[in-house]
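Please keep the sequence and the structure in view while reading.

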Amino acid sequence: MSPTTFEIHTQLETPQANTSDMLLLDRVLEHGPQALIWQGSQGLVVPRTYERNPNFSASQQALADAGWPIEVRQSGGGVVPQGPGVWNLSLSWRQYGKPFDLAQSAYPFICRILQQALEQCGIESSPQAVEGSFCDGRFNLAVGRGPYQKIVGTAQIWRLAPPPPHYANHPRQPGNPTAWHVGLVHAVILMDINEKALTLKTNLVEQLLHQPRRYAADKICSLARLGLEATDFLQALQQVLSQQPPPHDQGWPLP
């Protein structure tokens with residue numbers, strides 16, 4: 001049977017490749033639900049839609065020459081900076097259901113985990129769009145009561161997957177739109193950053209691509225600016241994760 005909690009890995013000391021968490025999608029199939037707390041290398045990450053821009057290759061080269069290489073991720077959203085002070089939480093698990101339903105429930109799931117960890121550290125947050133922040137979405141986590149400031153952004157991707165071994169004798173029936181999937185749900189956590197400097201970099205991407213989108217530095221906030229110590233938050237996050245069962249293979253419609 002699959003583990004009842006996430007297998008937790010922490011890689012904050014050494015910068016990781018900014019798409020390294022994609023490896024969790026394969027690891028889940030053999031080792032069960034995975035959680036990775038990590039820090040990427042200095043650079044910018046964009047969704048695949050950005051590659052279609054005719055100015056993408058030239059922009060990618062210009063930013064690489066400036067020490068801010070662009071990498072392309074499989075999930076959606078917008079441009080996101082990575083590097084020192086930007087933490088990532090990546091969760092991956094296998095679950096039965098329709099992709100739309102899985103996606104709709106996965107965002108609140110990762111948000112609740114982060115909210116609980118932040119609450120243990122004395123910070124109240126809420127899922128909230130923050131217009132003007134980079135990679136804005138309904139399931140940011142934000143602080144404040146209007147105007148809000150973004151402290152966490154989220155994204156996800158789901159793929160078809162084989163059933164776990166203990167469900168191998170219950171394959172999907174013809175015409176049934178549901179199936180087993182493995183998901184990667186990701187949160188970018190603004191731990192200790194220079195808001196103005198990172199916003200300038202995300203705006204530079206849009207500028208080089210000749211896109212009209214621009215972001216505002218006062219729409220984001222570093223957790224360090226709120227008085228949160230990195231060691232305290234890491235301890236709280238690991239504690240919440242160690243007690244959190246993943247929604248992996250619950251609800252299989254057995255005959």
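## Strand pairing

Two strands pair if DSSP finds at least two bridges between them. In this predicted model, strand 7 and strand 8 (residues 141-143) pair in the antiparallel sense over 2 bridges. Ser 126 has Ala 142 in strand 8 as its bridge partner.

The open sheet is formed by 7 strands, in the order 1-2-6-10-9-8-7, and its pairing is mixed. Strand 1 (7-16) and strand 7 (126-127) are the edge strands, each pairing on one side only. Strands of a sheet pair through backbone hydrogen bonds, in either the parallel or the antiparallel sense.

Helix 3 (residues 99-120) packs on the sheet. The strands touched by helix 3 are strand 6, strand 7, strand 8, strand 9 (149-160) and strand 10 (179-190). The direction of helix 3 makes about 140° with that of strand 9.

## His 186

The side chain of His 186 makes a polar contact with the side chain of Asn 88, at 3.1 Å. Leaving aside residues up to four places away in sequence, His 186 touches Asp 21, Trp 38, Gln 82, Asn 88, Leu 89, Ser 90, Ile 110, Gly 153, Thr 154 and Ala 155.

## Helix 4: length and ends

Helix 4 (residues 195-208) has 14 residues, which at 1.5 Å a residue should span 20 Å. The end C-alpha atoms of helix 4 are 20 Å apart, so the model agrees with that expectation.

At the start of helix 4, a side-chain oxygen of Asn 194 comes to within 3.1 Å of the backbone nitrogen of Lys 196. After helix 4 comes His 210, which has a positive phi, near 60°.

Which residues of helix 4 are buried? They are Glu 195, Leu 198, Thr 199, Thr 202, Asn 203, Val 205 and Glu 206. These residues cover an arc of only 145° around the axis, which means that they lie on the same side of helix 4. An α-helix has 3.6 residues a turn, so residues three or four places apart point the same way.

The buried residues of helix 4 pack against strand 3 (43-47), helix 2 (56-65), strand 4 (70-73), strand 5 (80-82) and strand 6 (86-97). On the other side of helix 4, Lys 196 and Leu 200 are exposed.

Key
Residues are numbered from 1 along each chain as its sequence is written. This is a predicted model: local features need pLDDT of at least 70, side-chain atom pairs count only at pLDDT 80 or more; totals for chains, interfaces and linings use all residues. Side-chain values use heavy atoms; hydrogens and water are left out. Helices (H or I, at least four residues) and strands (E, at least two) are DSSP runs, numbered from the N terminus. The expected span of a helix is 1.5 Å times one less than its number of residues. Buried means under 20% relative accessible area, exposed over 50%, partly exposed in between (1.4 Å probe, protein chains only). The arc is that of the directions from the helix axis to the C-beta atoms. Contact means heavy atoms within 4.5 Å. A polar contact is a pair of N or O atoms within 3.5 Å; within protein, one must be able to donate a hydrogen and the other to accept it, and residues adjacent in sequence count only if both atoms are side-chain atoms. Axes are lines fitted to C-alpha atoms, for helices over the stretch in contact, and angles run from 0 to 180 degrees between N-to-C directions.
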